[in-house]
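Hello,

Here is the structure we talked about. Please open it and keep it beside this message; my notes follow below.

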Amino acid sequence: MAYVILIIAICVVLLVGGGVYFLSPSRRHRAVPPAPPAPPTEGRRAGPEVTGEAVGTGTIAPEAPLVPDALVLPEIERPPPSAGRMVRLRARLAKSQGAFGSVLLGLLSRDALDEAAWEEIEDTLITADVGVTPSRHIVQDLQTKVKVLGTRSPAEVRAMLKAELLAQIDIGDERTLRLDPGGTRPAVVLMVGVNGTGKTTTCGKLARALVGDGRTVLLGAADTFRAAAVDQLQTWGARVGAQVVRSDREGADPASVAYESVREGIVAGVDVVIVDTAGRLHTKTGLMDELGKVKRVIEKQVPVDEVLLVLDATTGQNGLRQARVFAEVVDVTGIVLTKLDGTAKGGIVIAVQRELGVPVKLVGLGEGPDDLAPFEPETFVDAILGG
């Protein structure tokens with residue numbers, strides 16, 4: 001029995017000793033050699049090397065923080081000046097308006113112009129959206145000149161038609177934007193129009209053109225009903241370094257945003273404040289009244305120097321009906337015709353000026369950021385006539 005007890009005791013000692021050995025920390029975790037330093041992450045911004053030496057106030061120079069690529073601000077663009085843009089874009093006008101001019105030149109070059117030929121000339125003008133009354137005036141003037149000239153060479157026909165079109169387009173008003181109000185206040189431009197005419201895009205393009213001309217610009221995002229319009233204006237401003245005043249609340253009072261935009265423009269000392277407004281149907285009385293309120297609120301601080309009505313040139317006579325209502329509400333001072341390169345109905349230039357008695361000041365001739373140009377009647381007519 002004693003031997004049995006001795007054997008059991010020895011077994012217990014061996015079991016306890018082995019368990020302690022195998023369960024000790026030095027047996028559970030093996031030493032792992034340190035991982036080699038990770039190579040620099042691709043795309044990481046290079047920062048100053050940390051040397052441990054005292055810097056400035058005696059602290060250790062910290063490593064430069066990482067800047068994700070998505071947060072790196074784009075380089076501010078330097079747009080070209082607005083001068084000469086329409087000449088550079090003339091080929092686009094010639095492509096869309098050339099058919100209109102060539103038809104007129106062909107008709108007027110006939111050896112004999114009977115009543116049917118003159119009716120065809122008038123129809124061509126009306127089809128190009130010149131309008132009925134202006135078309136009749138043009139035909140009457142041309143008939144008189146043809147009687148005086150008699151036999152006409154192609155050069156004489158072209159000169160005669162160019163003179164007549166210029167007389168109809170050039171209504172004698174100043175086409176230069178009024179952007180030098182004097183004193184220390186900024187010039188204020190209010191952009192208005194119906195939905196889909198390209199108002200917000202025109203605001204951005206105009207800001208680019210003005211920055212290219214050496215002016216400082218602030219953009220007011222008073223189209224508070226479309227978040228996309230506000231974001232779009234923000235993008236335009238960021239590209240050229242123009243400040244943007246916006247509301248964080250969708251549906252905010254547009255007049256309040258317009259007022260704040262002008263106030264910020266005065267404080268910042270910018271040259272021009274451009275206020276974008278929401279597109280509205282000319283038949284909606286409430287919305288048109290709201291537009292009038294925006295203008296009145298701005299004028300509590302400073303006068304509005306330009307009210308630019310943006311019209312889509314492809315809408316033709318429908319655009320004239322829109323223009324009449326806007327002119328009654330906010331005293332339009334100038335027209336911006338967009339998409340003029342996308343229509344063969346360039347006669348809308350004549351019609352809208354005759355209807356409102358205000359000049360076309362800017363034209364959109366493409367979708368590029370620098371495709372907004374000051375309107376030049378002679379360049380326009382030359383493009384129509386292919387000369």
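**Notes on the model**

Gln168 sits in helix 7. This is a predicted model, so please read every value below as computed from it. Gln168 has a relative accessibility of 8% and therefore counts as buried, the cut-off being under 20%. What does Gln168 touch, leaving aside residues up to four places away in sequence? The list is Pro134, His137, Ile138, Asp141, Ile350, Gln353 and Arg354.

**The chain as a whole**

The protein chain has 387 residues, and 43% of them count as buried. It holds 14 helices and ten strands. Take the contacts with a separation of 6 or more: 75% of them join residues 24 or more positions apart. The accessible surface of the chain is about 20400 Å². Carbon and sulfur atoms supply 57% of that surface.

**Helix 14**

Helix 14 covers residues 377-385. Eight of its nine residues are buried, so the rest of the structure largely encloses this helix. The buried ones are Pro377, Thr379, Phe380, Val381, Asp382, Ala383, Ile384 and Leu385. What do they pack against? The partners are helix 3 (85-88), helix 4 (90-108), helix 7 (154-169) and helix 13 (348-356). Just after helix 14 comes Gly386, with a positive phi of about 70°.

Helix 4 and helix 14 pack at about 60°, and their axes are 5 Å apart. That angle makes helix 4 oblique to helix 14. On the helix 4 side, the contact uses Arg90, Leu93, Ala94, Gln97, Gly98, Phe100, Gly101, Ser102 and Leu105. On the helix 14 side, Thr379, Phe380, Asp382, Ala383, Ile384 and Leu385 take part. By class, this contact has eight nonpolar, five polar and two charged residues.

**Nonpolar cores**

In soluble globular proteins, nonpolar side chains tend to be buried together. Here the largest nonpolar core has 74 residues. Which of its members touch the most others? They are Leu108, Ile298, Leu309, Ile335, Leu337 and Phe380. Phe380 is also one of the buried residues of helix 14. Ile298 touches Val188, Leu190, Ala258, Val262, Val275 and Val304, not counting residues up to four places away in sequence.

**Backbone and single residues**

Two non-glycine residues with positive phi are worth a check on screen. Asp129 has a positive phi of about 70° although it is not a glycine. Asp129 is in the loop between helix 5 (115-127) and helix 6. Buried or exposed? Asp129 is buried, at 7% relative accessible area.

Lys339 is not a glycine, yet has a positive phi of about 60°. Its loop runs between strand 8 (334-338) and helix 13. Lys339 is partly exposed, with 37% relative accessibility.

Last, Arg136. This residue belongs to helix 6 (residues 132-149). Arg136 is partly exposed, at 46% relative accessible area. Arg136 and Trp118 are 18 residues apart in sequence. Their C-alpha atoms are 9.9 Å apart in space.

Best wishes

How values were computed: Residues are numbered from 1 along each chain as its sequence is written. This is a predicted model: local features need pLDDT of at least 70, side-chain atom pairs count only at pLDDT 80 or more; totals for chains, interfaces and linings use all residues. Side-chain values use heavy atoms; hydrogens and water are left out. Helices (H or I, at least four residues) and strands (E, at least two) are DSSP runs, numbered from the N terminus. Buried means under 20% relative accessible area, exposed over 50%, partly exposed in between (1.4 Å probe, protein chains only). Contact means heavy atoms within 4.5 Å. Accessible areas come from the Shrake-Rupley method with a 1.4 Å probe; for residues, only the protein chains shown count as cover. A nonpolar core is a set of buried Ala, Val, Leu, Ile, Met, Phe, Trp, Tyr and Cys residues joined through side-chain atoms within 4.5 Å. Axes are lines fitted to C-alpha atoms, for helices over the stretch in contact, and angles run from 0 to 180 degrees between N-to-C directions. Angles under 35 degrees count as roughly parallel, over 145 as roughly antiparallel, 65 to 115 as roughly perpendicular and the rest as oblique. Ala, Val, Leu, Ile, Met, Phe, Trp, Tyr, Cys and Pro count as nonpolar, Asp, Glu, Lys and Arg as charged, and the others, Gly among them, as polar.
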